[in-house]
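Q: I am new to this structure and would like to go through it step by step. Could we look at it together?

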Amino acid sequence: MKKFFTICLAALSFNLLAQIEGTDFPSMETETVEDEVINIPADIGDKYSLLAMAYSKKAEKDLSTWFSPVYNKFIRESTGVFASFSYDINVYFIPMFTGVKAAATKAAKKKTAKELDPLLIPNILFYKGNLKPYKEALEFDKKDVPYIFLVDTDGKIAYASSGACSDKKIEEIEEFLDSL
């Protein structure tokens with residue numbers, strides 16, 4: 001019975017996220033480790049963008065499961081015979097600092113610059129501010145999981161998922177990009 005409940009809950013979560021596909025991604029001001037401001041989706045509309053977002057410490061742990069697979073599939077430049085299999089998309093991991101935690105943004109930037117693989121640092125953006133508009137627009141119903149969005153060049157959500165990374169989720173993103 002517990003397994004059945006878990007499967008139903010997962011299906012419901014997937015369906016809820018699927019409902020936001022085709023809607024506008026809400027405007028969001030973020031910053032790089034070097035304090036450069038990047039407005040999403042306005043500043044990234046040159047190509048599709050994969051956005052992986054988390055707003056709690058536990059969700060950040062699951063967010064980190066996306067680092068290596070996403071880097072290997074969508075960031076790392078392929079060369080030689082594999083160059084034609086690469087994807088030309090923006091990729092950003094966005095930890096969100098809201099409420100009292102917003103004061104920790106500067107320390108998080110320093111820690112990221114010091115501890116994270118330098119190859120990933122350009123793909124990390126920090127959001128500091130109010131969570132409510134994103135929670136409502138993006139249907140952030142569980143604080144303990146990351147949310148993944150593929151945003152098109154018009155700023156519309158083309159694909160949405162949540163939770164830890166899996167081969168199936170990476171394949172779904174690849175299949176979508178391959179269909180373009």
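Q: What pattern does the chain follow, read along the sequence?
A: Read along the sequence, the pattern is α-β-β-β-α-α-β-α-β-α-β-β-α. The chain has 6 helices and 7 strands; helices (H or I, at least four residues) and strands (E, at least two) are DSSP runs, numbered from the N terminus. This is a predicted model, in which local features need pLDDT of at least 70 and side-chain atom pairs count only at pLDDT 80 or more, while totals for chains, interfaces and linings use all residues. Residues are numbered from 1 along each chain as its sequence is written, and side-chain values use heavy atoms, with hydrogens and water left out.

Q: How many residues are there, and what share counts as buried?
A: The chain has 180 residues, and 44% of them count as buried. Buried means under 20% relative accessible area, exposed over 50%, and partly exposed in between (1.4 Å probe, protein chains only).

Q: And which contacts join residues at least 24 apart, as a percentage?
A: Among contacts between residues at least 6 apart in sequence, 72% are of that kind. Contact means heavy atoms within 4.5 Å.

Q: Turning to strand 1 and strand 2, how do they run?
A: They run antiparallel, joined by 4 bridges; two strands pair if DSSP finds at least two bridges between them. E29 stands opposite N39 in strand 2. The two strands form a hairpin with 5 residues between them, and D35 in the turn has a positive phi of about 70 degrees.

Q: Which residues of strand 2 are on its covered face?
A: I38 and I40 are on the covered face, whereas V37 and N39 are on the uncovered one.

Q: What about T32: buried or exposed?
A: T32 is in the loop between strand 1 (28–31) and strand 2 (37–40). T32 is buried, with a relative accessible area of 7%. Leaving aside neighbours within four places in sequence, T32 is in contact with I38, K109, I124, L125 and F126.

Q: Where is V70 found?
A: V70 is in helix 3 (residues 67–75), and at 1% relative accessibility V70 counts as buried. Not counting residues up to four places away in sequence, V70 touches L50, I75, V91, F93 and I170.

Q: How far apart are V70 and I170 in space?
A: They are 7.7 Å apart, C-alpha to C-alpha, although 100 residues apart in sequence.

Q: Now T98. Which residues is T98 in contact with?
A: T98 lies in strand 4 and is buried, with a relative accessible area of 14%. Leaving aside neighbours within four places in sequence, T98 contacts Y127, G129, N130 and L131.

Q: Next topic: what volume does the largest pocket have?
A: Its volume is about 540 Å³.

Q: Which residues lie nearest its centre?
A: They are K57, E60, P95, K111 and T112, out of the 21 residues that line the largest pocket. The elements giving two or more residues to this lining are helix 2 (57–63), strand 4 (90–98) and helix 4 (105–115). A pocket is an open set of points on a 1 Å grid over the protein atoms alone, where a 1.4 Å probe fits, with protein on both sides within 12 Å along at least five of seven lines; lining residues have an atom within 4 Å of a point. Grid points are joined across faces, edges and corners, and a volume is the space filled by probe spheres set on the points.

Q: Which element gives the most to that lining?
A: Helix 4 does, with 5 residues.
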